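Open the model in your viewer and keep the sequence panel beside it. The stops below follow one after another.

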Amino acid sequence: MDEFESLKLLKRKLNMTEKKKYKEQFFSQLYDEYLGRIYRFIYFKVSSESIAQDLTSEVFTRLWKQISLDKEVKNSSAFLFTLARNIVIDYYRAHDKEKSNVDIDSIMGTMEDKKQDIHKNAQIKEEYAAVACAMDKMKEEYRQAVHLYYVEQEPITEVAKSLGKSQGATRVLISRGMKQLRQILES
Amino acid sequence: MTEYEVIKKLESMKKIKPNDDWVNFSKQNIISKTFEPEPSIGLKDTIIELFGVTFNRPKLAFAYSFLICLLFGTVFIVNSPYGSDLAQLASVISGSKIEKSVSPEEKLLAVIQDTELKMDKIVAESKEKGEAQVETKKILADASEKLKSLPADQKAKFAGTVVAKVKTLEKNSNAVIMNEKEPVVQEFYQVIAENEIKEIESNEKNLTDEQKVILKKAKDFFDVKKYGEALEELYKIQPASN
């Protein structure tokens with residue numbers, strides 16, 4: 001192999017390394033930005049920390065596959081939430097499970113304030129349990145809109161992107177979702 | 001719980017976060033994975049896959065086989081040099097005759113050539129008198145059928161040719177082959193006589209009184225279906241008119 005060929009190979013290797021580095025940075029950016037949201041989104045559906053971790057990993061593995069194979073990811077938010085929804089559906093289908101009830105102890109375990117007293121914690125737990133159970137009973141479309149808007153506190157534009165709907169339609173969904181949530185809580 | 005309280009509760013749910021250790025471990029774990037692009041499915045594979053599925057179903061396999069045969073068959077036949085002939089074949093099958101596409105002159109020529117060839121064959125083979133008579137009768141019967149299918153204006157020419165050939169044959173074999181009383185022969189004589197009368201009549205003003213008397217006599221014979229006699233009378237006029 002002559003000098004020119006070696007140089008060419010080195011350049012190619014460098015290019016590939018640079019490309020890989022760039023892909024890793026891009027993935028890392030999306031991972032940091034969306035991991036919490038996707039995790040919570042899945043967590044409220046499966047009510048198990050370990051399963052939520054597994055499924056979240058699966059979502060981001062597929063994202064990494066997409067990026068590493070140079071496939072375009074146009075709308076990251078919509079892509080990830082759609083992927084998460086499909087993975088949860090697949091999970092229930094594969095395990096032949098009914099949708100599990102919300103495990104409030106598990107949820108509270110991740111957000112319990114150790115400084116607060118036991119009484120206060122119990123009260124908070126009760127209120128969260130009610131909201132989480134009500135969310136679980138909501139229509140999927142409304143639930144997702146309310147989750148993204150209120151829990152994830154995303155702006156309407158982002159929620160609309162994630163749902164693949166117009167801003168007007170998203171506002172309607174959020175409004176109807178809240179109405180349904182309150183009706184469930186009151187009943 | 002008021003709407004405000006519900007919203008506050010929902011917002012506070014954002015506090016649910018995954019374990020930091022898991023987050024870092026998971027990230028490194030995912031990034032360490034490498035993926036190879038799946039081999040693209042080429043046209044060949046697509047066709048094999050498509051037809052493989054199709055031919056695995058017996059009903060579809062028969063249907064597709066039939067359609068493929070029909071398609072290729074049609075394309076082949078239409079593009080083949082026999083393509084135009086198919087239209088003729090189709091017309092024959094459907095009952096109409098092939099002659100439609102052949103001009104009357106061509107048909108006459110073909111019929112004459114065919115009959116002449118048969119006659120020449122008998123002459124060339126120098127067959128015995130009886131044998132030649134039988135074969136000539138067969139040829140005359142065949143020629144009679146052909147005569148019926150010919151257009152009116154060409155019948156006389158054909159009939160004349162046939163009769164002339166038979167006369168040659170008789171002369172060569174030194175025997176009477178053509179019996180004038182036979183219906184087949186009468187048919188030929190009728191055609192020839194009719195044509196001769198028409199031709200002479202068209203030239204009647206040039207005829208002499210004697211020839212006119214002969215013509216009348218010939219016509220009388222023709223009317224009583226004595227075509228042989230009619231012809232004999234007519235031949236008497238011919239030399240003078242020439």
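Start with the contact pattern in chain A. Take the contacts between residues at least 6 apart in sequence: 67% of them join residues at least 24 apart. This is a predicted model.

**Stop 1: chain A overall.** You will find eight helices and zero strands. From the N terminus on, the elements run α-α-α-α-α-α-α-α. Of the 187 residues of chain A, 30% count as buried.

**Stop 2: confidence.** Colour chain A by pLDDT. The average is 81, and 82% of the residues score at least 70. Where in chain A is confidence lowest, and where is it highest? Helix H4 (residues 104-111) has the lowest mean, 56, while H2(A) has the highest, at 91. Where pLDDT is low, the predicted coordinates should not be read in detail.

**Stop 3: the largest core.** Now select Ile38(A), Ile42(A), Ala84(A), Ala145(A) and Val146(A). These have the most contacts inside the largest nonpolar core, a set of 45 residues. Several elements give two or more residues to this core: H1 (3-46), H2 (49-68), H3 (76-94), H5 (118-137), H6, H7 (156-163) and H8 (167-186) of chain A, together with H1 of chain B. The largest share, eleven residues, comes from H1(A).

Zoom in on Ala84(A). Which residues does Ala84(A) contact, leaving aside its neighbours within four places in sequence? They are Ile38(A), Phe41(A), Ile42(A) and Val59(A). A second, separate core has 32 residues, including Ala143(B), Leu147(B), Phe158(B) and Leu169(B).

**Stop 4: helix H6 of chain A.** Select residues 140-151 of chain A. This helix is mostly covered, with nine of its twelve residues buried. The buried residues are Tyr142(A), Arg143(A), Ala145(A), Val146(A), His147(A), Leu148(A), Tyr149(A), Tyr150(A) and Val151(A). Ala145(A) and Val146(A) were already picked out in the largest core. Then step to Gln153(A), which follows H6(A) and has a positive phi, near 55°.

**Stop 5: where the chains meet.** Show both chains. Here 22 residues of chain B are in contact with 32 residues of chain A. On the chain B side, helix H1 (3-12) and helix H2 (20-31) each supply at least two residues. What kinds of residue make up the side of chain B that touches chain A? It divides into 13 nonpolar, one polar and eight charged.

Methods: Residues numbered from 1 in each chain as written. Chains lettered and ligands numbered in written order. Predicted model: local features only at pLDDT ≥ 70, side-chain atom pairs only at ≥ 80, totals over all residues. Contact = placed C-beta atoms within 7 Å. Helix = DSSP H or I, 4+ residues; strand = E, 2+ residues; numbered from the N terminus. Nonpolar A, V, L, I, M, F, W, Y, C, P; charged D, E, K, R; others polar. Buried ≥ 20, exposed ≤ 12 C-beta atoms within 10 Å, placed from the backbone. Core = buried A, V, L, I, M, F, W, Y, C linked by C-beta atoms within 7 Å. pLDDT = per-residue confidence, 0-100.
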